[in-house]
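The entries follow in the order in which I looked things up.

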Amino acid sequence: RGGLIELFPAELKVVVPGRAAITLTPTEMYVLRVLMSSPGQVINRDQLLAEVWNDNENNSNIVDVYMRRLRVKMEIDSDKPQHILSVRGVGYKFLGK
């Protein structure tokens with residue numbers, strides 16, 4: 001649970017206030033769970049690759065692909081995210097409010 005946003009891993013759902021429950025794929029759920037486990041803290045790309053994909057190669061854009069998918073599902077305007085923020089050159093940060 002990150003602020004007002006609630007994640008239900010067993011059901012592969014996330015609830016954003018004022019919206020219907022959003023269904024996630026298993027991988028989307030893992031990515032979001034890693035982000036939500038440290039709200040407000042930057043999670044770097046390597047950490048996400050290691051925790052979600054067991055991958056230590058930093059030549060993949062899979063992290064960016066999944067962040068985009070989550071933003072499209074969760075954000076009112078995916079081009080101006082309020083919950084999943086990019087920290088240029090470092091990684092991503094989750095804000096639950």
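**Entry 1. Conventions.** I classify angles as follows: under 35 degrees is roughly parallel, over 145 roughly antiparallel, 65 to 115 roughly perpendicular, and the rest oblique. Axes are lines fitted to C-alpha atoms, for helices over the stretch in contact, and angles run from 0 to 180 degrees between N-to-C directions. Helices (H or I, at least four residues) and strands (E, at least two) are DSSP runs numbered from the N terminus. The model is predicted, so local features need pLDDT of at least 70 and side-chain atom pairs count only at pLDDT 80 or more, while totals for chains, interfaces and linings use all residues. Residues are numbered from 1 along each chain as its sequence is written, and side-chain values use heavy atoms, with hydrogens and water left out.

**Entry 2. Helix 1 against helix 3.** I looked up how these two helices cross. Their axes come within 10 Å and cross at roughly 90°; helix 1 and helix 3 are therefore roughly perpendicular to each other. In contact (heavy atoms within 4.5 Å), helix 1 contributes Thr27, Glu28, Val31, Leu32 and Leu35, and helix 3 contributes Tyr66, Met67, Arg69, Leu70, Lys73 and Met74. I sorted these residues by class (nonpolar: Ala, Val, Leu, Ile, Met, Phe, Trp, Tyr, Cys and Pro; charged: Asp, Glu, Lys and Arg; polar: the others, Gly among them).

**Entry 3. Helix 2 against helix 3.** The axes of helix 2 and helix 3 come within 10 Å and cross at roughly 85°, which makes this pair roughly perpendicular. From helix 2, Arg45, Leu48, Leu49 and Trp53 meet Ile62, Val63, Asp64, Tyr66 and Met67 of helix 3. By class I find seven nonpolar, no polar and two charged residues in this contact.

**Entry 4. Sheets.** Strands count as paired if DSSP finds at least two bridges between them. Two bridges join strand 2 (residues 13–15) to strand 3, and Val14 stands opposite Ile22. A further open sheet has the order 4-6-5, again antiparallel, and its edges are strand 4 (42–44) and strand 5 (84–87). Neighbouring strands of this sheet are turned by 35° against each other on average, direction ignored. Three bridges join strand 4 to strand 6, where Asn44 stands opposite Gly91.

**Entry 5. Helices on the sheets.** Helix 2 touches strand 4 and strand 6, its direction making about 70° with that of strand 4.

**Entry 6. Core.** Which residues have the most contacts inside the largest nonpolar core? A nonpolar core is a set of buried Ala, Val, Leu, Ile, Met, Phe, Trp, Tyr and Cys residues joined through side-chain atoms within 4.5 Å; buried means under 20% relative accessible area, exposed over 50%, partly exposed in between (1.4 Å probe, protein chains only). The largest has 24 residues, and Leu32, Leu48, Met74 and Ile84 have the most contacts inside it. Helix 1 (26–36), helix 2 (45–53), helix 3 (62–74) and strand 6 (91–94) each supply at least two of its residues; helix 1 gives the largest share, six.

**Entry 7. Ile5.** Ile5 lies in the segment before strand 1 and is buried, with a relative accessible area of 0%. Beyond four places in sequence, its contacts include Val14, Met36, Met74 and Phe94.
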